[in-house]
Amino acid sequence: MDWKPILTAALTVGGMGLIFGALLAIVSRIFHVEEDPRKAQVRDCLPGANCGGCGYAGCDAYAQEIVSGNAPVNKCPVAGDAAAEAIAAIMGVEAEKREKRIATVRCRGSLDRCGLRFAYDGPKDCKSAALVAGGDKACEYSCLGFGDCEAACPFGAIHMLEGRLAAVDEEKCVGCGVCLSACPRGVLQLMTASHPVHSACSAHLSGKVVRQACKAGCIGCGKCQRACKFDALRLVDNLPDIDFEKCTSCMQCVDSCPTGAIMAYNDMRRHAVIHYPDCAGCGECQKVCLFDAIAGSENSRRSVIEWNCTGCGKCVEACPHGCVQLLTGRAFRKA
């Protein structure tokens, strides 16, 4: 057997391999880019959830953008302020406090409030259900309740109620926004956790249509708008639009809504208290109160009429002596 052709072929292939290997080594050395060691340090401060809540593909991508100077240090909703401060120390910058946001469900259309138009027998997921005649629930804007958001949430912060309605666990929610992308109806929104008032309906429909579809929907009656004394709420496309810069959290819009389409975190209600011995009787608090919740005249010390107080806080801002305080909770519970 003639081994010469085989040996020649082997030497040729081997030689080509050595040449190409050498070329690759030379090219890699020429184009080698030193990785900033801070990237690994920043990455170690991030949780590794890769949820995309920061707006980047994952924790590695976010770390790279921070080190490159293209992203702030406080965009991770999972890691929180402690991680932002640690990353800021690595980068030699200041970390601004980022207010926590949570997902809220802009729908109260459980099956006992929002009936079914037909019997749906397809795949039990929201995206599939939405493709069949716009969904089986009577309101075309309602939460379909098959749990796409629950399945998508990486933190176990969403669960389905019995009436096919999503509910958010505020303690577990980190505000990453993954659930918003999973919902085909767009009934979820991110809201600042510190603000107690939010819209709980997504139906841009006339009151007559909403009444026929859902007992808990916004009927566009305008009572909330008329109840707001601070021009913080307007009806836009038959739904309340809240200006959180103007809103004082007096919750009069919530209390005036006949269907519950505006909701509040009731444990965040407030009431004013005037420290009687410190009050100089100047009456500045009384001048700004729009709810007739402060009693007293001339130079006498003022007091709060508890059942009128909404906790808007205007009296606190107006008092030049600092003797008015807002306390959490309602001193007098209205019927």
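Me: Why is Asp-231 counted as partly exposed?
Reply: Buried means under 20% relative accessible area, exposed over 50%, and partly exposed in between (1.4 Å probe, protein chains only). Asp-231 has 36% relative accessibility, so the residue counts as partly exposed. This is a predicted model, in which local features need pLDDT of at least 70 and side-chain atom pairs count only at pLDDT 80 or more, while totals for chains, interfaces and linings use all residues. Residues are numbered from 1 along each chain as its sequence is written, and side-chain values use heavy atoms, with hydrogens and water left out.

Me: Where is Asp-231 found, and what is its phi?
Reply: Asp-231 is in the loop between α9 and β6 (helices, H or I, have at least four residues and strands, E, at least two; both are DSSP runs numbered from the N terminus). Its phi is positive, about 55 degrees, although Asp-231 is not a glycine.

Me: How do you know whether Glu-298 is buried or exposed?
Reply: Its relative accessible area is 70%, which is over 50%, so Glu-298 is exposed. Glu-298 lies in the loop between β10 and β11, and its phi is also positive, near 50 degrees.

Me: What makes the rings of Tyr-56 and Tyr-62 a stacked pair?
Reply: The structure holds 3 aromatic pairs. Rings of Phe, Tyr and Trp (its six-membered ring) pair if their centres lie within 6.5 Å; planes under 30 degrees apart count as stacked, over 60 as edge-to-face and the rest as tilted. For Tyr-56 and Tyr-62 the centres are 5.7 Å apart and the planes stand at 15 degrees, so the pair is stacked. Tyr-56 is partly exposed at 24%, whereas Tyr-62 is buried at 1%.

Me: How do you know that the charged end of Arg-301 sits over the ring of Tyr-276?
Reply: A charge sits over a ring if NZ of Lys or CZ of Arg is within 6 Å of the ring centre and within 35 degrees of the ring normal. The charged end of Arg-301 is 5.1 Å from the centre of the Tyr-276 ring and sits over that ring.

Me: What makes β6 and β7 paired strands?
Reply: Two strands pair if DSSP finds at least two bridges between them. β6 and β7 (residues 239-242) are joined by 4 bridges and run antiparallel, so they pair. Val-236 stands opposite Leu-239 in β7. The two strands form a hairpin with 2 residues between them, and Asp-237 in the turn has a positive phi of about 55 degrees.

Me: Why are the buried residues of α3 said to line one face of the helix?
Reply: The buried residues of α3 (residues 59-67) are Cys-59, Tyr-62, Ala-63, Ile-66 and Val-67. The arc is that of the directions from the helix axis to the C-beta atoms. Seen down the axis, these residues fall within an arc of 135 degrees, so they line one face. Their cover includes α2 (37-45) and α4 (80-91).

Methods:
Contact = heavy atoms within 4.5 Å.
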